[in-house]
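Subject: Structure handover

Hello,

Here is the structure for you to take over. My notes on it follow below.

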Amino acid sequence: MNRSTRPRKEKKQFSRESQLMYGFGDVTNPAQDTVELMEEMLMIYFADLAAEINKVSTGNKIKLSDILHALRNDPKKLGRAQELIAMSKEIQEAKRLVDRSELPDLPATRGGAIL
C-alpha cells in the first residue's frame with residue numbers, strides 16, 4: 001500500500017494496543033510512538049484486508065466465506081479464524097442446551113445443603 005492510499009491519521013482508533021502489546025511480551029507501558037506505529041500498522045492491515053474482501057464479495061454484505069477467502073494465503077490466520085468459528089458454534093449450542101427455561105426448578109441451596 002503506498003502512502004497516498006494509507007488511512008489518514010485521525011483520532012486514536014484502538015484504545016487497547018498497549019494492553020495487547022503487553023500481552024504479547026512488550027513492556028507494561030510502551031512508548032507512545034511505538035503504540036502509534038502499531039496503530040498505523042493495524043489500520044494498514046485492516047484496509048488491505050477490507051480491499052481483498054471487497055474483491056471477492058458479491059453483494060453489499062460481507063459474508064464469512066469472503067473473509068475466509070481473503071485469509072486463504074495465510075494458514076495461521078485462516079486456522080485461527082476457523083478455530084474461532086468452531087468455538088462460536090460450540091458456545092451457541094451449549095447455550096441452547098442450557099437454556100434456563102428447559103431446566104427443572106432446582107431446590108434452593110446454601111453451602112451445598114438443600115434448604
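A nonpolar core, as the term is used here, is a set of buried Ala, Val, Leu, Ile, Met, Phe, Trp, Tyr and Cys residues joined through side-chain atoms within 4.5 Å. Buried means under 20% relative accessible area. Please bear in mind that this is a predicted model.

By that definition, the largest nonpolar core has six residues: Leu49, Ile53, Ala70, Leu71, Leu78 and Ala81. Two or more of these residues come from each of H2 and helix H4 (75–97). Leucine 78 also touches Leu68, Leu71 and Arg72, when residues up to four places away in sequence are left out.

Overall layout

The chain has four helices and two strands, and their order from the N terminus is α-α-α-α-β-β. Of its 115 residues, 13% count as buried. The chain exposes about 9,900 Å², with 55% of that supplied by carbon and sulfur atoms. Among contacts between residues at least 6 apart in sequence, 35% join residues at least 24 apart.

Surface patch

In soluble globular proteins, nonpolar side chains tend to be buried together. Isoleucine 62 sits in the loop between helix H2 (32–56) and helix H3 (64–70). Its relative accessibility is 56%, so isoleucine 62 counts as exposed, the cut-off for that class being over 50%.

A buried charge

Which side chain of opposite charge is nearest to aspartate 66, and how far away is it? The nearest is lysine 63, at 4.7 Å. A salt bridge requires a side-chain nitrogen of Lys or Arg within 4 Å of a carboxyl oxygen of Asp or Glu, and aspartate 66, although buried, has no salt bridge. Aspartate 66 lies in helix H3. With residues up to four places away in sequence not counted, aspartate 66 touches Ile53, Val56, Ser57 and Lys61. Ile53 is also one of the residues of the largest nonpolar core.

Salt bridges

A search of the whole structure finds five salt bridges. Among them is the pair of glutamate 52 and arginine 72, whose closest N and O atoms are 3.7 Å apart. This pair links distant parts of the chain: glutamate 52 is in helix H2 and arginine 72 is in the loop between H3 and H4, 20 residues apart. Glutamate 52 has a relative accessible area of 22% and is therefore partly exposed. Arginine 72, at 39% relative accessibility, is also classed as partly exposed.

Lysine 77 forms a salt bridge with aspartate 74, with 2.8 Å between the closest N and O atoms. Lysine 77 is partly exposed at a relative accessible area of 37%, and aspartate 74 is partly exposed at 26% relative accessibility.

Arginine 96 and glutamate 93 meet through their side chains in another salt bridge, at 2.7 Å from N to O. Both lie in helix H4, three residues apart, which is about one turn of the helix. Arginine 96 is partly exposed, with a relative accessible area of 47%, and glutamate 93 is partly exposed at 37% relative accessibility. Elsewhere, salt bridges that share partners join Glu52, Lys55 and Arg72 into one network.

Regards

Definitions and conventions. Residues are numbered from 1 along each chain as its sequence is written. This is a predicted model: local features need pLDDT of at least 70, side-chain atom pairs count only at pLDDT 80 or more; totals for chains, interfaces and linings use all residues. Side-chain values use heavy atoms; hydrogens and water are left out. Buried means under 20% relative accessible area, exposed over 50%, partly exposed in between (1.4 Å probe, protein chains only). Contact means heavy atoms within 4.5 Å. Accessible areas come from the Shrake-Rupley method with a 1.4 Å probe; for residues, only the protein chains shown count as cover. Lys and Arg count as positive and Asp and Glu as negative; His and the chain ends are not counted.
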